[in-house]
Structure formats: structure tokens, C-alpha cells
Amino acid sequence: MDIKVVLPDGAEKLIGKGTKVKEVLKDFLKKDTLGARFNEKIVDLETPISEEGTFGKLLTPEDPESLELLRHTAAHVMAQAVKELFPEVKLGIGPTIENGFYYDFDYERSFTPDDLKQIEKRMKKIIKKRYPLVREEISKEEARKLFTELNEPYKLELIEEIPGDTVSIYRQGDFVDLCAGPHLPHTGWVKAFKLLSVAGAYWRGDENNPMLWRIYGTAFFNREELEAYLKKLEEAKRRDHRRLGKELELFSIEEEVGPGLILWHPKGALVRKIIEDFWKEEHLKRGYELVVTPHIARRHLWQISGHLDFYAENMFAPMKIDEVEYQLKPMNCPFHILIYKSRRRSYRELPIRWCELGTVYRYERSGVLHGLMRVRGFTQDDAHIFCREDQLEEEIFKCLDLTVYFLSTFGFKEYQIFLSTRPEKYVGDEAIWEKAEGALRKALEDKGLAYEIDPGEGVFYGPKIDIKIKDILGRFWQCSTIQVDFNIPERFNLTYIGEDNQRHRPIMIHRALLGSLERFFGVLIEHYAGAFPVWLAPVQAIIITVADRHIPFAERIFERLKGAGIRVKPDFRNEKLGFKIREAQLQKIPYMIIIGDKELENEALTIRTRKGENLPLMSVEDFIARIEEEVSAKTFN
RNA sequence: GCCGGCGUAGCUCAGCUGGUAGAGCAGCGGAUUCGUAAUCCGCAGGUCAGGGGUUCAAGUCCCCUCGCCGGCUCCA
């Protein structure tokens with residue numbers, strides 16, 4: 001049976017169903033044609049066409065989409081190399097990931113760095129051979145037979161989960177793999193690759209399954225791009241907040257204190273204070289009220305809230321005080337709820353917006369802790385909004401508006417936004433879920449934010465919006481979350497008296513915009529590589545004397561700046577100028593004020609910025625005005 | 001929690017196949033008074049993560065515990 005396809009030049013062509021792309025496009029193929037776009041999908045030259053559609057552009061190594069083919073093939077090449085070197089190995093899966101690929105192997109022991117070298121060597125051989133990747137469609141029956149012979153139990157498991165009667169396999173040389181593709185035409189196209197690390201990974205991500213060895217790698221079409229990527233990894237290391245946190249004396253985590261518990265050092269605490277002040281001020285401006293609640297409460301409270309039922313494994317063990325069990329709080333919401341309940345509420349009061357920088361403690365499994373990003377004690381920039389159903393949409397819009405205001409002020413302009421909808425297990429009725437989901441969606445659209453829907457990923461008590469921010473290296477971090485809750489008002493029997501003089505149930509919104517101050521600070525450190533913008537910098541300026549005779553003048557300047565509220569430090573040590581500049585530079589202090597003979601004579605300042613430029617000689621007043629301007633505008637420099 | 005790796009002076013790291021710890025930076029003392037990323041000299045600093053074992057002898061080998069790193073799972 002023939003089907004109609006549109007070729008890249010716009011012409012239509014009738015082809016037999018199942019004709020391979022390389023046949024269909026044979027008049028268009030060039031030496032560097034790797035694949036093509038077909039109906040929004042990427043297909044390789046081996047793919048059989050079985051539906052009508054339109055071919056888009058042909059893919060060459062220049063196209064970013066081609067990396068998908070390349071890395072997928074690189075994963076196969078790696079698997080082939082591993083099978084050749086370690087024939088007992090059983091194959092798991094080997095997909096491409098954001099910056100490369102991996103393959104999971106079942107083997108009696110881990111792979112060593114030395115093994116990786118051997119594998120890389122063998123891969124190079126395979127690449128040199130330029131084995132064509134040949135695709136075959138075979139019946140599941142044949143596939144079962146093939147992978148039984150090959151003794152690949154994991155592949156057999158996969159076959160059973162593929163819909164339809166046939167599966168595709170790709171061969172290269174003697175190597176066969178169950179694979180949907182797409183792939184490069186031959187292994188020779190894997191021009192530049194590197195194996196990066198080995199780690200244990202459960203089969204299918206389930207800790208009840210056996211652990212396989214996952215080898216990570218990356219691949220590019222040329223050496224330069226590979227080098228650039230490796231350099232980026234280095235850069236990420238250089239920006240690592242754990243390293244900068246130590247170097248800049250921002251925070252530390254001490255073994256004697258315990259894992260996942262943060263000590264904020266003076267400079268870090270100062271940055272935190274600036275963030276907190278800004279946060280509180282802005283919340284008050286926007287109709288929030290501040291509340292403050294304790295760190296522990298009777299465990300009973302968590303029974304009512306339901307946390308003991310669904311959150312117990314993340315809570316610290318209870319403690320007994322005067323025969324009553326108390327609990328370190330993992331959430332702030334029950335406290336805010338009890339404030340709500342402290343008296344009768346009228347519909348006229350709603351919406352009520354209560355915010356708190358509330359420190360919570362959650363038991364995180366030891367293996368997941370990571371610097372400031374994943375800790376056991378952290379401060380949420382939390383708030384709970386109690387509102388009527390008809391206010392929900394506007395309140396969510398306001399939350400989003402505030403989120404974007406904060407995030408963009410801190411320098412994050414790109415987001416990944418997810419709207420999570422009703423899961424299988426849920427509370428509340430369907431109608432209200434739909435209403436809430438609609439409200440979330442509408443708010444996102446009104447705010448002009450692009451989002452993806454995560455179907456069924458909502459929490460059981462209500463739908464939510466999660467926002468991830470993109471840092472300067474293109475990595476995403478989950479910070480903001482806005483969650484609608486139909487459950488907890490019910491559990492605590494929250495009511496308000498409506499216009500009709502009847503009791504009604506308010507809806508609650510939980511929201512954290514920065515997420516946790518710890519994580520947000522970590523992201524900030526990495527985003528700015530420790531060089532905080534002037535408004536956030538713990539030290540905004542340092543005064544550096546050239547020689548001792550300049551100290552009296554420098555002292556006067558110091559007092560003036562300090563008096564003007566500038567965070568300034570003196571460096572009047574008897575050291576060479578270059579030495580003191582180097583230290584200030586390493587501390588990433590935005591402005592270095594150099595005081596020598598010239599400045600003394602002119603009663604003016606020479607300013608060196610941390611970018612290495614010298615500003616023209618300026619008066620103290622001008623410098624103060626400059627900093628004040630940058631602080632109030634919260635500029636990014 | 002699971003898997004692998006790691007844990008030597010405040011920091012970064014040497015210390016080969018077991019023979020009683022070493023460098024640079026930081027710190028302290030002194031000299032130097034100097035113009036844009038490291039002035040010179042000297043001094044001090046370590047129950048080699050903690051505990052147990054093997055051995056004539058352990059930083060080095062074995063076991064346990066703690067912590068860190070990279071993943072898996074989970075999440076602000």
C-alpha cells in the first residue's frame with residue numbers, strides 16, 4: 001500500500017509503506033546527511049516510514065538536533081565496547097540525556113577509572129571501523145528468541161513493555177541492541193567523546209531492583225565542542241557554592257553539628273539579612289502580614305494535619321516533654337492555621353495572607369544531602385493564603401506576579417514552569433479540582449508565562465505550580481512552588497462566615513517563592529560565582545592604602561562611607577598595593593578604593609572595580625551616590 | 001537508605017611495594033612604606049576522621065562507625 005509524503009523540496013511522493021528514509025530521500029542525501037525531521041520527530045536514514053507526513057530539514061552535524069543521534073549512537077558504541085571487554089555484562093538501558101548519554105550494565109563489580117580508559121580505547125576502535133547502524137523491525141517472538149540467545153534478561157523485560165507486535169533493533173558489527181533509534185548512519189560519526197563517571201543506579205530506578213553500573217559520557221561532532229563542554233564542567237566546579245562558601249566565608253557545615261545543618265557565617269548571614277529585609281518589605285507592601293511560630297509543637301498537631309500519615313518518613317523523631325510528645329516542625333502550615341482558628345473569621349477578612357520565614361526540619365536520607373541545596377534544616381519563605389473560591393484565581397496571579405518580581409530582581413529571568421494536575425489518589429471533589437487547575441492555568445496565561453503540564457503529578461491535596469530557575473550555566477533549580485490545598489482546611493475544620501451568615505470552607509494556598517533561603521542562597525552564589533551585585537554584596541567597598549602616611553585620610557573616607565550606610569572595610573595593612581588588591585579581588589569585593597598621594601592631593605577617590613577597570617577620579621559624594629543608586633535600583637553588575 | 005570513591009596542618013595537596021609525617025598558601029614574629037592579582041626572612045602548626053584488629057613495626061593492610069564526593073530514589 002502506498003502512502004503520500006511531502007519531500008523537503010515540497011514535492012509530494014507516493015512511497016510503499018515501510019520504505020526506509022534513505023530510500024525515500026535518496027535524491028536529497030548528501031555526504032553529511034545524518035537524519036531528517038519528519039512530522040516534528042527526528043528520524044534516521046534507517047527508519048521505515050509508515051505514516052503520511054512531511055519531511056522537514058535534513059540533519060547534518062551542524063544541527064543541534066543531531067546531537068541526539070550522535071549521543072545515542074555513542075551509547076551503543078560504549079555498550080559494544082563494554083560487551084567486548086566484559087562479555088558477562090548484561091545490558092540495561094542506554095539513553096541520551098541533557099548533556100550526553102549513559103548506559104547501565106549489570107556486572108559483578110564496579111568499573112574503575114582504568115576500565116573506563118580501556119572502554120574508551122575500544123570505543124575508538126569501533127568508531128574507526130565505521131560500522132553502519134542497521135535497523136531491523138522484527139516480531140516480538142523473534143526478539144525474545146534473539147535476546148534469550150544473547151542472555152540479556154533486562155532486554156527481555158523491556159520487550160514485554162513495548163506496545164505493538166514488532167520491535168526495532170539496531171546492529172553495528174557484531175553488536176545488536178533493542179532500540180527505537182534514531183542513530184547515526186555509521187559509528188565513524190562519533191567524532192569526539194569522553195566517558196565521565198560511573199555510578200550505581202537501580203534497574204528502572206526502583207530500589208527494590210538490582211543495582212546496575214551506570215557509565216556516563218558525552219559526545220560531540222568535533223573536539224572543540226567537547227573541549228568547550230569539559231571547560232564548562234570546570235567552570236561549574238569553580239562556581240560550586242560549597243567551595244565559594246568556604247573561600248568567601250559565607251557558611252559552613254560542621255561534622256560536629258551534623259550533616260545538612262548550616263552555620264551561616266557573618267558574611268553569609270549579612271547577605272541573608274538583606275534578602276530577608278527585602279522580602280519582608282515587599283510582602284508588607286503587597287498585603288501580607290508577618291507571623292512568627294515555634295519550631296516544635298505537640299505531635300498531635302501533625303496527626304490532625306495528616307503529616308504523620310503521608311510525611312512521617314521525612315520527619316525527625318518525636319521527643320517527650322512532660323509525658324507529651326512534641327515534634328520538630330517539617331512545615332509551617334498548621335501554625336498558621338491555628339492562628340486562623342484563634343477566632344471566628346468573616347468573609348470580609350478574606351483573603352488573609354500570612355507570611356513567615358519559617359525554619360523547618362526534615363529528615364532527608366543521608367545520601368541526598370548536598371551543600372546548601374539539600375539540607376535538613378532550612379528556612380522557607382513561606383506564606384499561606386486563606387481565600388474564598390472566587391478569589392482563588394486572583395490570589396494565584398498575585399503569587400505568580402510576586403514570584404517573577406523576586407526572581408527577576410535577583411537576576412533570574414528564565415524559568416521552567418510545571419503545572420501539576422490531579423493525581424490518581426486525591427481528596428476533594430473533581431469539580432473543585434478542575435476549578436483550581438483552571439485558576440492556576442489562567443493565572444499562568446494572564447502572566448504570560450509558558451508552562452508544561454505534568455499530568456497526575458499534583459499532590460493529593462491539590463494542584464500546584466512549580467517553578468525552576470535557570471542559572472547562568474543553564475542549569476535549572478527548583479525554588480518556587482504554589483500549591484492549592486483543599487485538604488487541610490477540611491482537616492482543621494476551617495470556616496468563615498459568609499455574606500449569607502452561613503459557615504463556609506476557605507481554600508488555602510501554600511506558597512514559597514524563593515523556596516528555601518539556604519537553597520536560594522546556594523543558587524545565588526553559583527549564579528554570580530560569588531561576585532554578588534552591589535545591593536547584596538556583604539562588603540561593597542574596601543579602602544586600600546598605598547602607604548602608612550595615607551591612613552589618616554583613608555580613615556576619614558572610611559568614616560564618611562560607613563556613615564552613609566555603605567558596607568565598607570578598611571585594609572590599612574602594611575602590604576604592597578598589588579597584594580591587597582589581589583585579596584580584595586579574590587573576595588570579589590565590588591569596589592576597591594585606592595588611597596595614595598594622588599588621592600590625598602586631590603581630595604578624591606580612585607576606584608578600581610572587581611572587573612579590573614579604574615573609574616575616573618571622583619569625589620566621595622559621587623561615589624556614595626553611585627552606590628546608593630545601584631543599591632536602590634538593585635542592578636546586577 | 002543503596003552503590004562506588006574519598007577523608008594526611010586552617011586550605012590545596014605529596015607521602016612508592018608497611019620502617020616512627022612533608023610542601024605551598026593561610027597564621028604568628030621581624031624587616032620593607034611600596035600605585036592596581038602574591039616583598040623578603042624566620043617561627044609555629046598534625047592522637048594522618050574516630051574506634052578496633054593483623055604485625056617486631058600501620059598514614060600505608062583488614063573490620064566497624066562517622067563524615068564528604070559522584071550517582072540512584074526523593075525533594076524547598
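The accessible surface of chain A comes to about 30,400 Å², and 50% of that area belongs to carbon and sulfur atoms. These values describe a predicted model, in which chain A has 637 residues, 51% of them counted as buried. The secondary structure of the chain comes to 19 helices and 35 strands, and among its contacts between residues at least 6 apart in sequence, 69% join residues at least 24 apart.

The surroundings of RNA strand B come next. Of the atoms of RNA strand B that come within 4 Å of the protein, sugar and phosphate account for 46%. The residues of the surface near RNA strand B divide into 19 nonpolar, 16 polar and 17 charged.

Base nitrogens of RNA strand B also take part in the pairs listed here.

| Residue | Protein atom | Distance to a base nitrogen of RNA strand B |
|---|---|---|
| Gly-200 | backbone N or O | 3.4 Å |
| Glu-364 | polar side-chain atom | 3.2 Å |
| Gly-367 | polar backbone atom | 3.2 Å |

Several elements give two or more residues to the surface near RNA strand B, including strand E14 (192–202), strand E15 (211–220), helix H17 (577–586) and helix H18 (597–602). Helix H17 gives the most, with seven residues.

How values were computed. Residues numbered from 1 in each chain as written. Chains lettered and ligands numbered in written order. Predicted model: local features only at pLDDT ≥ 70, side-chain atom pairs only at ≥ 80, totals over all residues. Heavy atoms only, no water. Near = heavy atom within 4 Å. Polar contact = N/O pair within 3.5 Å; in protein donor to acceptor, adjacent residues only side chain to side chain. Helix = DSSP H or I, 4+ residues; strand = E, 2+ residues; numbered from the N terminus. Nonpolar A, V, L, I, M, F, W, Y, C, P; charged D, E, K, R; others polar. Buried < 20%, exposed > 50% of the residue type's maximum accessible area, 1.4 Å probe, protein only. Contact = heavy atoms within 4.5 Å. Areas by Shrake-Rupley, 256 points an atom, 1.4 Å probe, with all protein chains shown as cover.
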